[in-house]
Amino acid sequence: MDDTDVTDLYEEFGDDRLPPGQRETSEFPVLSKSGTPDWGLETWEFTVTGAVETELSFSWDDFRALPSATQTQDFHCVTGWSRFDCEFTGVPFPELAERAGVRDDAVHVMFSALDGYTTDLPLADCLRDDVLFTWGLDGSALPADHGGPLRVVTPHKYAYKGAKWVDGVEFCTDPQRGYWERRGYSSTANPWEEERYS
Ligand SMILES: Nc1nc2c(c(=O)[nH]1)N[C@H]1C(S)=C(S)[C@@H](COP(=O)(O)O)O[C@H]1N2
Ligand SMILES: [Mo]
């Protein structure tokens with residue numbers, strides 16, 4: 001499979017691959033607000049709603065039939081660790097956006113997840129090929145603790161912008177705030193500007 005290395009995307013934002021105040025680790029810690037939710041692939045459903053021409057709904061098999069990409073990416077946690085060279089496989093955000101047809105009045109995106117987690121980003125921060133709805137990690141199925149069957153990864157943002165167990169994406173005509181954003185974390189979350197808190 002094609003593997004694109006996007007670990008140089010930091011050049012858009014700063015001089016160093018490791019953002020300020022971060023330390024590199026080869027571990028992949030698990031951080032979840034309330035543990036790993038239960039799910040079953042037979043009942044799993046993913047929806048695309050809001051300011052779109054066509055709202056979409058996918059079963060697991062439908063979702064897995066979408067065109068996918070494998071990318072080597074870095075992962076930056078707001079608590080201070082970064083894991084380099086994660087190999088993620090999944091569906092690029094623009095692929096889904098194109099299928100739904102994003103309306104002109106959409107400006108923001110809200111992701112929702114099976115554990116009740118939500119997180120938000122400006123639309124422009126989502127319309128990037130490196131924002132992936134990910135089901136594969138380092139050549140295996142994404143482990144449930146890390147958000148399997150499906151999570152979002154956002155290599156240009158702190159990792160709380162990537163909803164684990166993602167089950168929906170809503171296009172919004174106004175900015176909205178997600179779970180951590182309502183509790184004082186940055187809406188924009190650019191690691192190279194150390195946008196940790198708002
Ligand atoms: N659904 C959901 N997604 C989530 C979280 C969560 O609690 N629930 N935590 C976020 C936070 S704060 C971080 S740092 C990353 C951690 O991802 P990891 O457990 O794979 O390291 O997931 C993010 N996505
Ligand atoms: Mo986090």
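A: Arginine 196 counts as buried, because its relative accessible area is 11% (buried is under 20%, exposed over 50% and partly exposed in between, with a 1.4 Å probe and protein chains only). Its side chain meets that of glutamate 194 in a salt bridge, with N and O 3.0 Å apart (a side-chain nitrogen of Lys or Arg within 4 Å of a carboxyl oxygen of Asp or Glu). Glutamate 194, by contrast, is partly exposed, since its relative accessible area is 39%. Elsewhere, salt bridges with shared partners join Glu12, Arg128 and Asp130 into one network. In total, the structure holds eleven salt bridges.

The model is predicted: local features need pLDDT of at least 70 and side-chain atom pairs pLDDT 80 or more, while totals for chains, interfaces and linings use all residues. Residues are numbered from 1 along each chain as written, chains are lettered from A and ligands numbered from 1 in written order, and side-chain values use heavy atoms, without hydrogens or water.

A further salt bridge links aspartate 105 and arginine 103, whose closest N and O atoms are 3.0 Å apart. Aspartate 105 is classed as partly exposed because its relative accessible area is 36%. Arginine 103 is likewise partly exposed, at 32% relative accessibility.

Another salt bridge joins the side chains of lysine 157 and aspartate 125, with 3.4 Å from N to O. Lysine 157 belongs to the loop between strand E11 (151-153) and strand E12 (166-172), whereas aspartate 125 sits in helix H3 (residues 123-126); the pair therefore ties together parts that are 32 residues apart in sequence (helices, H or I, have at least four residues and strands, E, at least two, both being DSSP runs numbered from the N terminus). Lysine 157 counts as buried, because its relative accessibility is 7%.

The loop between E11 and E12 also contains lysine 161. Lysine 161 is buried, for its relative accessible area is 0%. From lysine 161 to arginine 177 the C-alpha distance is 11 Å in space, and the two are 16 residues apart in sequence.

Glutamine 71 is buried, because its relative accessibility is 6%. Its side chain makes a polar contact of 2.9 Å with the side chain of glutamine 73 (N or O atoms within 3.5 Å, one able to donate a hydrogen and the other to accept it within protein, where sequence neighbours count only if both are side-chain atoms). The side chain of glutamine 71 also reaches the backbone oxygen of aspartate 129, at 2.9 Å.

On the surface, Asp3, Asp5, Asp8 and Glu11 gather in a patch of negative charge (patches take residues with over 30% relative accessible area and no salt bridge, joining like charges within 9 Å and nonpolar side chains within 5 Å). Aspartate 3 is part of strand E1 (residues 3-5). Aspartate 3 counts as partly exposed, because its relative accessible area is 38%.

There is also a nonpolar surface patch of about 230 Å², made by Trp39, Leu41 and Leu114. Tryptophan 39 occupies the loop between strand E2 (23-24) and strand E3 (45-50). Tryptophan 39 is partly exposed, since its relative accessible area is 35%.

Terms used: Accessible areas come from the Shrake-Rupley method with a 1.4 Å probe; for residues, only the protein chains shown count as cover. Lys and Arg count as positive and Asp and Glu as negative; His and the chain ends are not counted. The place of a charge is taken as NZ of Lys, CZ of Arg, CG of Asp or CD of Glu.
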